[in-house]
Amino acid sequence: MIQVRHIVCCVDFSDFSRRALDHAVAVATWYEARLTVMHAYNIPLATLASAPFLSPVPADAVALAPADRESLQRQLEALLPQGAAAGISVEYRIVEGDVATAILRAAESADLLVVGTHGRSGF
């Protein structure tokens with residue numbers, strides 16, 4: 001039998017990712033697994049392009065401002081209504097950087113990775 005102890009569900013706040021989160025909660029409940037709900041914030045290339053040519057861009061110029069990070073955290077936590085994930089451990093995580101890289105890193109520590117699609121395939 002498969003053992004699922006840790007599930008990572010990546011969300012982008014779309015309806016597709018909300019539905020994926022519903023599935024992740026159901027599977028986490030079934031397996032009594034820990035659930036990490038993650039949003040990867042993509043650093044806009046426009047920020048980097050606006051810097052003078054060949055000058056280093058300070059790290060804080062592309063990082064989320066504390067108020068923006070807090071807002072994203074609240075939005076992330078609001079995806080699961082109170083009691084929706086009763087009985088399972090849920091962690092909410094905001095990751096900055098390249099989305100694909102962030103998802104691959106998160107997948108390394110998970111037994112199951114759940115992401116939404118745009119309806120072009122099944123579960």
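Modeller: We start with confidence, then turn to individual residues. Keep in mind that this model is predicted.

Colleague: What is the average pLDDT of the chain?

Modeller: The chain average is 84, and 80% of the residues score at least 70.

Colleague: Which elements have the lowest and the highest mean pLDDT?

Modeller: pLDDT is the predictor's confidence in each residue. Helix α3, residues 59–62, has the lowest mean, at 50. Strand β1, residues 6–10, has the highest, at 97.

Colleague: Where does pLDDT stay under 50?

Modeller: Over residues 57–61. The model has four contacts for that stretch beyond four places in sequence.

Colleague: Is Phe13 buried or exposed?

Modeller: Buried means under 20% relative accessible area. Phe13 has 18%, so it counts as buried.

Colleague: And what is the phi of Glu32?

Modeller: About 55 degrees, again positive in a residue that is not a glycine. Glu32 lies in the loop between α1 and β2. The cut-off for exposed is over 50%. Glu32 is at 71% relative accessibility, so it is exposed.

Colleague: Which strand holds His39, and what does His39 contact?

Modeller: His39 lies in strand β2. It is buried, with a relative accessible area of 9%.

Terms used
Residues numbered from 1 in each chain as written. Predicted model: local features only at pLDDT ≥ 70, side-chain atom pairs only at ≥ 80, totals over all residues. Heavy atoms only, no water. pLDDT = per-residue confidence, 0-100. Helix = DSSP H or I, 4+ residues; strand = E, 2+ residues; numbered from the N terminus. Contact = heavy atoms within 4.5 Å. Buried < 20%, exposed > 50% of the residue type's maximum accessible area, 1.4 Å probe, protein only.
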